[in-house]
Amino acid sequence: MTNETLQNLISSWIPELEFTEADSQYLNITVKPDQLHQLMLQLKNNSETSFDYLFCVTGIDYEKELGVIYHLESTTFRHSIVIKVKTEDRENPTFDSVWNIWRTAEFHEREVFDFFGIIFNNHPNLKRLFLTEDWDGFPLRKDYVDEINMVIK
Amino acid sequence: MNISLSITKNIHNWLFSIMPEGVASITEMVLIAVVYLAIFAVAGLYLVLLERRVAAWFQLRIGPNRVGYQGLLQTMADALKLVSKELTGTIKADKFLYNLAPYFVIVTSLMALALFPFTQEFQAFDINIGIFFLIAISSIGVIGILLGGWASNNKFAMIGAMRSGVQTISYELSVGLSLITMVLISGSLQLSEIVEVQKNGWLIVQGHVPAVIAFMIYMIAGTAETNRAPFDLVEAESELGAGFHTEYSGMKFAYFFLAEFINMFIIAAIATTIFFGGWLSPFGITESIPILGLFWFLGKTLVLIFLMMWFRWTFPRLRVDQLLTLEWKYLLPLNLLNIVLMALIVWLNLTIQF
Amino acid sequence: MDTTTIKSNFKSEEYFINMGPQHPATHGVLRLLLTIDGEIIKKVEPDLGYIHRSIEKMCERDSYQQIVHLTDRMDYLSSHINNEAVCLTVENALQLEIPERVKVIRTILGELTRLASHQLWWGVMGMDVGALTTYFYGFRDRELINDIFEETCGARLTMNYNIPGGLMFDIHPNFVQRTKDFITHFKTKLPEYDRLLTGNVIFQKRMKGVGILSKEDAISFGASGPVGRGSGYSCDVRKHHPYSAYNQVTFNEVLKTEGDSLARYQVRIEEMWESMAIIEQLIDNIPEGEYKVATNAVIKLPKGEFYQKVETARGELGVYINSTGTKNPYRLKFRSPGFSNLSLLNHIAVGGKIGDLVASMATLDLVIPDIDR
């Protein structure tokens with residue numbers, strides 16, 4: 001399915017999605033946090049989109065906002081899509097977990113939680129994955145400071 | 001009990017001529033013990049070296065070749081190193097049992113060693129219930145492993161010990177039954193008697209089909225008894241680290257290590273004595289030179305030891321349930337049938353005698 | 001496995017055991033928290049981070065040329081392919097025209113890397129199931145590949161041979177001949193692997209029906225590489241998203257449908273044959289030409305997001321670069337194959353014995369620095 005037909009189909013499900021293909025090789029969809037799980041479920045289960053392979057979950061710090069980027073691919077149709085979700089709440093950023101849609105998200109979301117402090121609702125085992133439980137702060141955020149271990153040029 | 005100490009009559013007579021009878025007996029026993037300890041240490045060390053060279057040969061390597069000529073002193077050096085090492089242990093270990101365990105293992109294998117007729121005159125302890133005694137003694141060794149694993153206060157050691165328990169109890173049966181199969185044909189439990197019987201042909205030839213089956217079962221079960229690959233679940237490196245001896249170091253570890261090799265020697269020596277005529281030469285070609293019996297005995301034993309090393313360096317390891325399945329579902333029923341078959345053959349006089 | 005389902009009247013007690021971070025079977029500093037009932041695995045919980053260097057954070061302050069050298073230290077057994085992944089991302093972003101010669105050489109080296117990685121895996125795979133001799137057989141042949149790398153790239157493990165724009169220097173004059181010699185040699189040695197281990201009845205019993213992963217689960221868990229293909233999931237990036245010279249060669253994507261440890265094992269063994277076939281198609285026709293194209297000393301990527309997938313020896317490696325147009329990436333993310341493959345360990349190991357866990361973990365072919373990054 002081409003990006004255009006994908007866009008037409010998906011925008012018919014949830015009207016207020018933002019679509020863009022600028023600066024990227026994939027079709028990018030920005031979704032509001034409260035619609036994330038609904039959209040993801042439909043993307044996976046709809047027989048025309050059938051995005052059954054979540055191949056990358058990236059946490060990202062946009063300075064003002066925190067976000068998560070999901071790269072999806074369909075193993076039947078071999079088309080790909082990128083879903084982005086953002087929040088301005090830096091103290092308590094919360095999104096819905098998608099681990100019950102793609103099992104691989106369980107580990108990837110733990111990684112994002114570990115480095116960005118993004119909390120995923122309904123995650124079965126949301127705790128630090130790489131760092132120790134008592135680690136202070138979230139290292140991959142842009143405002144993280146560690147004067148001893150970080151070398152900044 | 002008929003204990004005949006007949007290593008060399010000369011020493012015996014000489015000792016009794018210069019000392020009172022009681023003192024002489026004790027001196028003689030001590031002397032024999034020292035000789036056997038020496039054999040034990042040297043045999044153990046050189047079996048380790050042999051294993052390392054054989055392993056190297058299988059693995060396209062050279063193996064130890066620096067210490068002494070062709071690495072002949074390598075294991076001596078290793079033993080020295082182990083003696084000088086610190087003995088570590090866990091804090092919450094049961095100290096008494098923890099320290100006792102290596103001695104259980106080493107003493108039992110040493111006791112078993114005393115029984116073998118290395119050659120006609122070279123046997124420390126010719127007891128009339130020889131095989132029975134061997135089976136009894138060799139099952140005590142597992143107590144040492146169980147104690148060591150349990151007393152270490154380490155979960156990996158504990159799992160190793162548990163595995164050792166199930167494994168030894170299971171394979172003990174097969175070792176015993178396959179030896180009993182051969183006792184049916186030899187008609188004696190005394191090791192010297194059994195060798196005597198084989199002057200009419202080695203038992204593996206006399207007993208033909210059931211004897212070959214018994215030998216195969218014995219070698220499988222014997223390898224399992226010594227906890228060697230493919231049955232080395234007790235110390236399965238990739239699963240349990242070092243298994244039951246994880247928490248042992250220095251000389252205590254060396255005792256376990258040496259005992260493993262002595263046990264291998266014992267298993268091979270039993271097979272030699274029971275199946276392959278012990279010190280008897282093939283077709284009696286060197287019967288006029290009795291001392292060559294030692295050569296034949298050791299030669300046959302080493303071939304069987306090589307066989308066990310061959311297993312170790314080419315086979316993967318079994319899983320614990322497969323290990324038990326093999327014993328209880330295949331080897332044991334086969335063994336029981338084999339005993340009946342052997343009894344029939346002996347009863348109907350179908351044995352091959354030269 | 002039926003023993004696990006029998007309800008016992010005896011009271012059984014579960015206990016915890018720490019496998020790792022120093023353990024012979026975890027091949028590195030992976031720590032597994034096992035919940036065990038006797039010998040039966042109830043739960044496997046990986047505890048990571050013992051070798052985490054936060055390469056992604058380091059990348060945010062490094063130039064693109066420097067980033068390439070960090071990727072060696074992730075999956076050190078596919079270091080060449082890791083380098084290539086970053087280089088391809090940067091080259092695609094800059095829309096550089098890469099010479100054919102570079103593409104072919106990269107493909108050959110990538111396949112040699114895959115061969116070397118699978119040889120090492122085969123060696124330690126045997127060790128994990130208790131056959132110690134395999135290790136030396138695997139290393140005997142891997143040594144020859146390392147010699148080729150040493151001659152051409154100047155290093156045996158962390159090659160650092162790729163740079164954005166091409167290769168660091170041209171191939172060694174002996175490269176073609178030595179590679180051909182190696183292929184001839186290894187064609188006689190690979191059947192030996194089967195004779196030593198694959199056909200062994202104990203090995204078959206240990207692997208068959210152990211650690212079963214269905215195709216649906218493989219996709220859901222994001223399995224890739226031989227782990228996914230062992231479950232019948234067609235996930236070869238070289239086929240579906242060809243890069244470098246993979247669209248010029250014909251090769252089969254090895255697929256097995258059983259999904260057990262043996263299938264994953266066989267996929268890797270057969271992949272070695274395919275890798276040799278790929279190298280044979282290319283080695284005689286390395287095009288003449290430049291070995292790199294000139295790039296600016298300071299590479300600045302245009303503003304945007306770039307994603308590149310490659311197939312390492314372990315599976316799909318993804319590189320995501322978010323650039324704001326400066327000389328450093330704003331955010332760089334590595335989607336490492338080992339990370340996803342590890343996440344399914346609990347799924348395939350529960351219900352098996354400790355020995356099964358070790359055997360299935362070996363077939364996942366985990367490289368811990370790749371997971372920890």
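In this predicted model, chain A meets chain C through 25 residues, which are in contact with 27 residues of chain C. Two elements of chain A give two or more residues to that side: β3 (53-61) and α3 (105-116). β3(A) gives the most, with six residues. By residue class, the side of chain A that touches chain C divides into 13 nonpolar, six polar and six charged.

Now follow β3(A) back into its own chain. Five strands of chain A form an open sheet, in the order β1-β2-β5-β4-β3. The pairing is mixed. Strands of a sheet pair through backbone hydrogen bonds, either parallel or antiparallel. The edge strands are β1 (18-20) and β3 of chain A, and each pairs on one side only. From one strand to the next, the twist averages 20°. Thus one edge strand of this sheet, β3(A), also gives the most residues to the side that touches chain C.

What does β3(A) pair with? Its partner is strand β4 (residues 66-73) of chain A, joined to β3(A) by eight bridges. The two strands run antiparallel. In this pair, Asp61(A) stands opposite Leu66(A) in β4(A).

The helix α3(A) belongs to this picture too. α3(A) lies across β3 and β4 of chain A. Its direction makes an angle of about 10° with β3(A). Both α3(A) and β3(A) give residues to the side that touches chain C.

Next, chain C itself. Its secondary structure comes to 15 helices and eight strands. The radius of gyration is 21 Å, close to the 21 Å that the globule rule gives for 373 residues, so chain C is as compact as a globular protein of that length. Along its principal axes, the C-alpha trace of chain C spans about 75 × 50 × 35 Å. Buried residues make up 55% of the 373 residues. Of the contacts in chain C with a separation of 6 or more, 70% are between residues 24 or more positions apart.

Chain B is built from helices: 13 of them, with zero strands. Its radius of gyration is 21 Å, close to the 20 Å that the globule rule gives for 354 residues, so chain B is as compact as a globular protein of that length. The C-alpha trace of chain B spans about 60 × 60 × 40 Å along its principal axes. Of its 354 residues, 45% count as buried. Residues 24 or more positions apart account for 78% of the contacts in chain B with a separation of 6 or more.

Key: Residues numbered from 1 in each chain as written. Chains lettered and ligands numbered in written order. Predicted model: local features only at pLDDT ≥ 70, side-chain atom pairs only at ≥ 80, totals over all residues. Contact = placed C-beta atoms within 7 Å. Helix = DSSP H or I, 4+ residues; strand = E, 2+ residues; numbered from the N terminus. Nonpolar A, V, L, I, M, F, W, Y, C, P; charged D, E, K, R; others polar. Rg over C-alpha atoms; globule rule 2.2 N^0.38 Å. Buried ≥ 20, exposed ≤ 12 C-beta atoms within 10 Å, placed from the backbone. Pairing = 2+ DSSP bridges. Axes fitted to C-alpha atoms, helices over the stretch in contact; angles between N-to-C directions.
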